[in-house]
Amino acid sequence: FHHDTYSELQLKIKGVSLSGKSAFITGSGTRIGAASALAFAKAGARAVFLSERTASTLQETRNHIKKWCRNTIVQNFIFDISEGPQRIEEIFTEARKISDGKPIDILVNNAADLGLDPNTKFRTVLQAIRNQGPTIINTTSGAAVIDFAPGLSGYGVSKMAALKLFTYLWYEQ
C-alpha cells in the first residue's frame, strides 16, 4: 500500500495554491481522511473542517494538523450523515460562519456508511450543499473492487456504490 503523497503528482501541481480555500473532509478521523485533511492544510488551505462520528479520532487528527500547520483553522464536526439533510445544512452553515461567511470550496466525500442506503446518503449530502458549489472529491478503496474479504461486505458495498453513484451523478449534471 502507498502511504504518502506521490512525488510525480506534486511536481505536476507545483504552483497550485489552496491559499484562502476551505476543505470539508468526511471520515477524517483516521487513515485516508486524516491524511487528506493534513495534506490540504500543508498545501495552504485557510480552513480544514473535519467530520466523523467519533470525537476522539477527530481530536487526534486536529491536534496533528495544528502541530504542523498552526495558522490553519481546524474545526471538528461530530455527526452521522444519516441524521439527514437538515443536520448537514446546519453543519455547513456553521462551517461557513467559521470561514468568515465564505462557502466551502472543497468537499472530500471519504466516509463509508455501513447502515444507510448509499443512494440516499449521497443525495442527502448533495441536497444539503446544492447551493454552495464546492468541488467534490470522492474517495474509495480497494474494498470496492476486490473479489472478497471477510468482514468487509458493508464497507466494500458502500465504497462501490459511492464509486458508481458519483459516476452517474457526474453524467447526469
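Student: In what order do the elements of the protein run from the N terminus on?
Tutor: The secondary structure of this predicted model comes to six helices and five strands. Read from the N terminus, the order of these elements is α-β-α-β-α-β-α-β-α-β-α.

Student: What share of the contacts with a separation of 6 or more falls to residues 24 or more positions apart?
Tutor: The protein has 173 residues, and 41% of them are buried. Among contacts with a separation of 6 or more, the share from residues 24 or more positions apart is 70%.

Student: Is H2 roughly parallel or roughly antiparallel to H3?
Tutor: Helix H2, residues 31–42, packs on helix H3, residues 55–68, with the axes 10 Å apart and at an angle of about 25°. Angles under 35 degrees count as roughly parallel. H2 is therefore, relative to H3, roughly parallel.

Student: How do the residues of the contact of H2 with H3 divide into nonpolar, polar and charged?
Tutor: From H2 come Ala34, Ala37, Leu38, Ala41 and Lys42, which meet Thr61, His64, Ile65 and Trp68 of H3. By class, these contact residues are six nonpolar, two polar and one charged.

Student: Which element gives the most to the largest nonpolar core?
Tutor: The largest nonpolar core holds 16 residues, and those with the most contacts inside it include Ile25, Phe40 and Ile106. Two or more residues come from each of strand E1 (22–26), H2, strand E2 (47–52), H3 and strand E4 (106–109). With four residues, the element that gives the most is H2.

Student: Which residues are in contact with Ile25, leaving aside its neighbours within four places in sequence?
Tutor: Ile25 is one of the residues with the most contacts inside the largest nonpolar core. Once neighbours within four places in sequence are set aside, its contacts are Gly33, Ala37, Phe40, Val48, Phe49, Leu50, Ser51 and Val108.

Student: Is Arg31 buried or exposed?
Tutor: Arg31 lies in helix H2, and its phi is near 45°, a positive value in a residue other than glycine. Most residues other than glycine have a negative phi. Because its relative accessibility is 75%, Arg31 counts as exposed.

Student: Where is the place of Asp100?
Tutor: Asp100 is not a glycine, although its phi is positive, at about 55°. Its relative accessible area is 61%, so Asp100 is exposed. The place of Asp100 is the loop between helix H4 (85–98) and E4.

Terms used
Residues are numbered from 1 along each chain as its sequence is written. This is a predicted model: local features need pLDDT of at least 70, side-chain atom pairs count only at pLDDT 80 or more; totals for chains, interfaces and linings use all residues. Side-chain values use heavy atoms; hydrogens and water are left out. Axes are lines fitted to C-alpha atoms, for helices over the stretch in contact, and angles run from 0 to 180 degrees between N-to-C directions. Angles under 35 degrees count as roughly parallel, over 145 as roughly antiparallel, 65 to 115 as roughly perpendicular and the rest as oblique. Contact means heavy atoms within 4.5 Å. Ala, Val, Leu, Ile, Met, Phe, Trp, Tyr, Cys and Pro count as nonpolar, Asp, Glu, Lys and Arg as charged, and the others, Gly among them, as polar. A nonpolar core is a set of buried Ala, Val, Leu, Ile, Met, Phe, Trp, Tyr and Cys residues joined through side-chain atoms within 4.5 Å. Buried means under 20% relative accessible area, exposed over 50%, partly exposed in between (1.4 Å probe, protein chains only).
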